[in-house]
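Work through the exercises below with the coordinates open. Try each task before reading its solution.

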Amino acid sequence: MILCYLCHYCYYYRYCHHHPLRLHHRLWEELVVLDPADEDAHVALIRRSLDDGDRPGALRQYERLERALASELGLRPGRAAQALHASA
């Protein structure tokens with residue numbers, strides 16, 4: 001139930017642009033804790049790190065995403081995450 005609420009809350013504010021994503025980074029972090037393979041949450045955190053000029057933080061977050069997807073689903077990050085990684 002909590003995971004569902006966090007997902008809806010994060011996506012609502014991200015896609016409706018009612019508040020900057022920066023204000024809700026803790027919710028994205030909580031979502032990653034609850035669902036380590038949630039690629040959208042990782043991408044939001046990578047984007048935030050890059051926007052803040054924190055290249056090492058963005059690269060660390062991408063590595064976390066890579067590990068989570070590989071271990072839980074046997075997958076690699078998608079195009080959005082790879083594009084952010086390439087731009088870091």
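The model is predicted: local features need pLDDT of at least 70, side-chain atom pairs count only at pLDDT 80 or more, and totals for chains, interfaces and linings use all residues. Residues are numbered from 1 along each chain as its sequence is written, and side-chain values use heavy atoms, with hydrogens and water left out.

**Exercise 1. The largest core**

Find the residues of the largest nonpolar core, then the elements that give two or more residues to it.

Solution. Start with the criterion. A nonpolar core is a set of buried Ala, Val, Leu, Ile, Met, Phe, Trp, Tyr and Cys residues joined through side-chain atoms within 4.5 Å. Buried means under 20% relative accessible area, exposed over 50%, partly exposed in between (1.4 Å probe, protein chains only). The largest such core has 9 residues: A37, V43, I46, A58, Y62, L65, L69, A81 and L84. Now assign elements. Helices are DSSP runs (H or I, at least four residues), numbered from the N terminus. Two or more residues each come from α3 (39-51), α4 (55-73) and α5 (79-87). The largest share, 4 residues, belongs to α4. Apart from this core lies another, of 6 residues, including W28, L31, V32 and A44.

**Exercise 2. Faces of a helix**

Which residues of α2 (residues 25-34) are buried, and why do they line one face?

Solution. W28, L31 and V32 are buried in α2. Look down the helix axis and take directions from the axis to the C-beta atoms. The buried residues fall within an arc of 100°, so they line one face of α2. On the other side, R26 and V33 are exposed.

**Exercise 3. A helix pair**

Describe how α4 and α5 pack: axes, then contacts.

Solution. The axes of α4 and α5 come within 10 Å and cross at roughly 145°. Next, list contacts (heavy atoms within 4.5 Å). L59, Y62 and L65 in α4 meet A81, Q82 and H85 in α5.

Technical notes. Axes fitted to C-alpha atoms, helices over the stretch in contact; angles between N-to-C directions.
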